Amino acid sequence: MKPEVTINFCVRSNFHTKEKTHPVFISGRVQKTRGYIGSTDIQIPSDMKIVNNRCVGGSPTQRRRINVQIDEQLELLSECVDYLKGRNLLTLPHLKELYQKGGASRLTFTDLCDDFLRYEKSRVGGLITKQTYGVYANAGRNFRMFLESKDLMGLSLDEITNETIEQYITYLSVERGLKQQSINSLIGVLKSYFIYGVEKDLVRKSPMTHFAWKREPSQRVFLSRSEISMLSHCPLTDPKLICVRDSYLFACLTGLSFSDLRSLSLMELVTLSDKTWIYRSRKKTKRPFEVPLLPQAQVLIDKYADKDHPSRPIFSQLPDNYKSNQAIRMIAAKAGITKRLTFHTARHTFATLALSEGVSMESVSKMLGHASIRTTAIYARITNKKVAREMAEFEKKLAPQELWQL
């Protein structure tokens with residue numbers, strides 16, 4: 001059986017330098033495809049030749065020197081072949097491209113980005129969603145924009161350092177004017193790129209292994225009860241806008257994410273002890289969650305659900321996330337709400353209102369489908385209303401005590 005890859009060092013005998021030497025190039029075969037792979041820096045005197053990738057003729061010193069050069073290139077080619085085989089990319093064009101770049105050790109962030117996104121794209125529909133893939137792609141695109149703006153596109157992966165990442169954060173903050181929340185998100189995803197690079201032997205060490213950046217807590221936007229009332233009573237005539245508004249209010253009452261809201265069907269509603277519950281798993285994390293429906297949420301279910309087709313999404317008229325966010329911001333402005341709303345702020349609203357009205361952190365965490373209660377604490381902001389109520393109760397308990405009569 002023929003080997004999968006064959007490499008041949010060839011002398012370009014029709015070209016010579018002033019020193020009467022001839023350049024050496026490499027050709028080869030990958031599977032059934034033959035062709036040119038690349039040129040080398042090896043120069044061979046006219047009285048010598050290469051047979052079976054070994055230099056013959058000339059003096060022993062000359063042969064030894066040229067054979068060492070050939071062996072170095074063979075080792076580099078072997079590394080390229082192993083790299084490509086591990087990614088099911090072993091073709092002659094890919095081998096030629098990788099060799100001419102200088103091997104995997106000279107790969108740039110563009111190569112890492114292409115490799116990482118190719119891997120993540122293969123997981124779409126299974127372990128990750130299309131939206132998550134978009135987040136990964138956006139983070140890679142932003143870092144490449146930075147490298148290009150600073151004329152650093154030629155940096156190898158091992159030349160990207162802690163200082164490079166610090167420059168990137170300054171670029172995002174000062175030159176791009178991004179908010180801390182956006183910077184945190186981009187840096188967090190970029191860290192995943194380099195973790196992948198280390199796992200795949202693309203980079204020896206991640207420049208972000210011991211990297212710490214200022215992670216200021218972002219201000220979570222949520223609606224108060226009065227603002228929810230303003231939104232619900234905002235006069236609308238367009239059925240599409242009414243559907244967006246009602247869907248947003250339903251998310252405020254249940255804590256559903258946009259993807260879970262958009263795919264919710266009657267088949268995921270269960271009645272227990274005369275109470276209807278949502279029983280399903282989060283589309284993003286596959287974690288199960290259960291939410292009892294409030295009466296106002298049940299009204300919206302009755303308004304939009306097609307009882308003859310229980311598997312059909314209840315809010316089937318809801319447009320995609322981008323258009324829905326545009327619509328809810330327009331409705332909010334019309335209602336006199338100045339906060340920048342997205343459908344994710346409805347999730348914050350649910351958590352905040354539930355905690356404010358005395359629902360335990362554990363229960364809210366379970367209804368939101370969080371893996372850790374600490375995540376719930378980040379999502380939810382305890383409002384002044386709850387603090388004031390609890391302090392009032394504290395005051396009552398202290399008042400009868402003579403010790404406090406000052």
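## Helices α12 and α13

In this predicted model, α12 packs against helix α13 (residues 361-368) at an angle of about 155°, and their axes lie 10 Å apart. Angles over 145 degrees count as roughly antiparallel, so α12 is roughly antiparallel to α13. The crossing of these two helices is right-handed.

On the α12 side, the contact involves Arg-347, Phe-350, Ala-351, Ala-354 and Leu-355. These residues meet Met-361, Val-364, Met-367 and Leu-368 of α13. By class, the contact of α12 with α13 comprises eight nonpolar residues, one charged residue and no polar ones.

## The second largest pocket

Helix α12 (343-356) also takes part in the second largest pocket, as one of the elements that give two or more residues to its lining. The space in this pocket amounts to about 600 Å³. It is lined by 21 residues, of which Cys-252, Leu-253, Leu-294, Gln-296 and Leu-353 are the closest to the centre.

Besides α12, the elements giving two or more residues to the lining are α7 (225-232), α8 (239-254), β8 (288-292) and α10 (295-304). The most is given by α10, with four residues. Sorted by class, the lining of this pocket holds 15 nonpolar, four charged and two polar residues.

## Helices α4 and α5

Helix α4 (residues 130-149) and helix α5 (residues 162-175) have axes that come within 10 Å and cross at roughly 100°. Angles of 65 to 115 degrees count as roughly perpendicular, and α4 and α5 are therefore roughly perpendicular to each other.

From α4, the contact draws on Ala-139, Asn-142, Phe-143, Met-145, Phe-146 and Ser-149. From α5, the residues are Thr-164, Ile-165, Gln-167, Tyr-168 and Tyr-171. The contact of α4 with α5 has seven nonpolar and four polar residues, with no charged ones.

## Helices α5 and α6

Helix α5 also packs with helix α6 (residues 180-199), at an angle of about 150° and with the axes 11 Å apart. The two helices are therefore roughly antiparallel to each other. The crossing of α5 with α6 is right-handed.

In this contact, α5 supplies Ile-165, Tyr-168, Ile-169, Leu-172 and Ser-173. The residues from α6 are Ile-183, Leu-186, Ile-187, Leu-190 and Phe-194. By class, the contact of α5 with α6 has nine nonpolar residues, one polar residue and no charged ones. Ile-165 and Tyr-168 of α5 take part in the contact with α4 and also in the contact with α6.

How values were computed
Residues numbered from 1 in each chain as written. Predicted model: local features only at pLDDT ≥ 70, side-chain atom pairs only at ≥ 80, totals over all residues. Heavy atoms only, no water. 1 Å grid on protein atoms, 1.4 Å probe; cavity = no way out; pocket = protein on both sides within 12 Å on 5 of 7 lines; lining within 4 Å. Points joined across faces, edges and corners; volume = space filled by probe spheres on them. Nonpolar A, V, L, I, M, F, W, Y, C, P; charged D, E, K, R; others polar. Axes fitted to C-alpha atoms, helices over the stretch in contact; angles between N-to-C directions. Parallel < 35°, antiparallel > 145°, perpendicular 65-115°, else oblique. Left-handed = near helix turned anticlockwise from the far one by under 90°. Contact = heavy atoms within 4.5 Å.
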